[in-house]
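I set out to record, entry by entry, what I looked up in this structure.

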Amino acid sequence: RKRPDFPAVAHLCIEKILEHVEPTSSLPLILSGKSFGGRMASQLMAKKQLDAVRALVFYGFPLHSPAKPGNERAEHLKEVSVPMLFIQGDRDNLARLDLLEPVLDHLPLATLEVCEGANHGFSFLKKTGITESDMYKLLADITSRYLKTTGII
């Protein structure tokens with residue numbers, strides 16, 4: 001397996017993209033990411049508090065490694081000052097809900113949506129009947145509903 005970029009590289013990549021998007025967009029700017037990408041976006045927001053960004057959406061926040069459950073990777077979230085939506089599978093081996101929920105309980109801007117039967121990659125148990133296509137629609141619906149009900153869009 002190839003190692004992801006170092007955080008400094010990922011943060012710089014996000015900043016460079018924002019330089020191109022921010023001046024041209026009249027739409028609310030929402031940073032989101034799957035796993036590592038979402039965590040890198042939140043780390044950047046904790047360090048820089050980017051005014052143009054209105055919210056963060058995490059698709060499977062990687063709270064810990066499968067071999068070492070813990071919540072240290074969430075420490076920086078206390079510094080994030082925009083609403084955060086965490087969409088997690090209840091079978092996610094990188095974010096046990098019994099560890100994630102107490103962290104989010106102490107973050108007034110955090111909302112958790114749990115996808116029953118989904119793992120970290122949002123593959124659902126066969127018995128749920130949720131296909132890959134259904135999964136993408138579900139994630140889009142959860143995200144859209146959250147952004148609308150919070151008034152972000």
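**Entry 1: the kind of model.** I noted at the outset that this is a predicted model.

**Entry 2: strands E1 and E2.** I began with strand E1 (29–34) and strand E2 (53–59). E1 and E2 pair in the parallel sense, and I found six bridges between them. Within this pairing, Gly 33 stands opposite Phe 58 of E2. From E1 the chain passes through H2 to reach E2, and I recorded this β-α-β crossover as right-handed. I then asked how much of E2 is covered.

**Entry 3: strands E3 and E4.** On E3, I looked up the pairing with E2, which is parallel and has four bridges. Leu 56 has Met 84 in E3 as its bridge partner. I next followed E3 (residues 84–89) to E4 (residues 110–115); these strands run parallel and are joined by six bridges. Here Ile 87 is partnered by Glu 113 in E4. I recorded a right-handed β-α-β unit made of E3, helix H3 (residues 97–105) and E4.

**Entry 4: helix H2.** I checked the length of helix H2 (residues 36–48) against its residue count. Its 13 residues, at 1.5 Å a residue, should span 18 Å, and the end C-alpha atoms are 18 Å apart, so the two values agree. Which residues of H2 are buried? I listed Gly 38, Arg 39, Met 40, Ala 41, Ser 42, Gln 43, Leu 44, Met 45 and Ala 46. Their cover includes helix H1 (7–21) and the strands E1 and E2. After H2 comes Gln 49, and I noted its positive phi, near 45°.

**Entry 5: the nonpolar cores.** I looked up the largest nonpolar core and found 28 residues in it. Among the residues with the most contacts inside this core are Leu 31, Leu 56, Val 80 and Phe 86. At least two residues of the core come from each of H1, E1, H2, E2, E3 and H3. H2 gives the largest share, five residues. I then took Leu 31 by itself: leaving aside neighbours within four places in sequence, its contacts include Ile 14 and Leu 18, Ala 41 and Met 45, and also Leu 56. Another core, of 15 residues, lies apart from the largest one, and its members include Val 57, Tyr 59, Phe 124 and Leu 139.

**Entry 6: Ser 35.** I located Ser 35 in the loop between E1 and H2.

**Entry 7: Ala 118.** I found Ala 118 in the loop between E4 and helix H4 (132–149). With a relative accessible area of 0%, Ala 118 is buried. What does Ala 118 touch, not counting residues up to four places away in sequence? I noted Gly 89, Asp 90, Arg 91, Asp 92, Ser 123 and Phe 124. As a last item, I looked up Ala 118 and Ala 74, which are 44 residues apart in sequence and 21 Å apart in space, C-alpha to C-alpha.

Note on methods: Residues are numbered from 1 along each chain as its sequence is written. This is a predicted model: local features need pLDDT of at least 70, side-chain atom pairs count only at pLDDT 80 or more; totals for chains, interfaces and linings use all residues. Side-chain values use heavy atoms; hydrogens and water are left out. The expected span of a helix is 1.5 Å times one less than its number of residues. Buried means under 20% relative accessible area, exposed over 50%, partly exposed in between (1.4 Å probe, protein chains only). Contact means heavy atoms within 4.5 Å. Two strands pair if DSSP finds at least two bridges between them. A crossover is right-handed if, with the strands pointing away from the viewer, the path from the first strand over the helix to the second runs clockwise. A nonpolar core is a set of buried Ala, Val, Leu, Ile, Met, Phe, Trp, Tyr and Cys residues joined through side-chain atoms within 4.5 Å.
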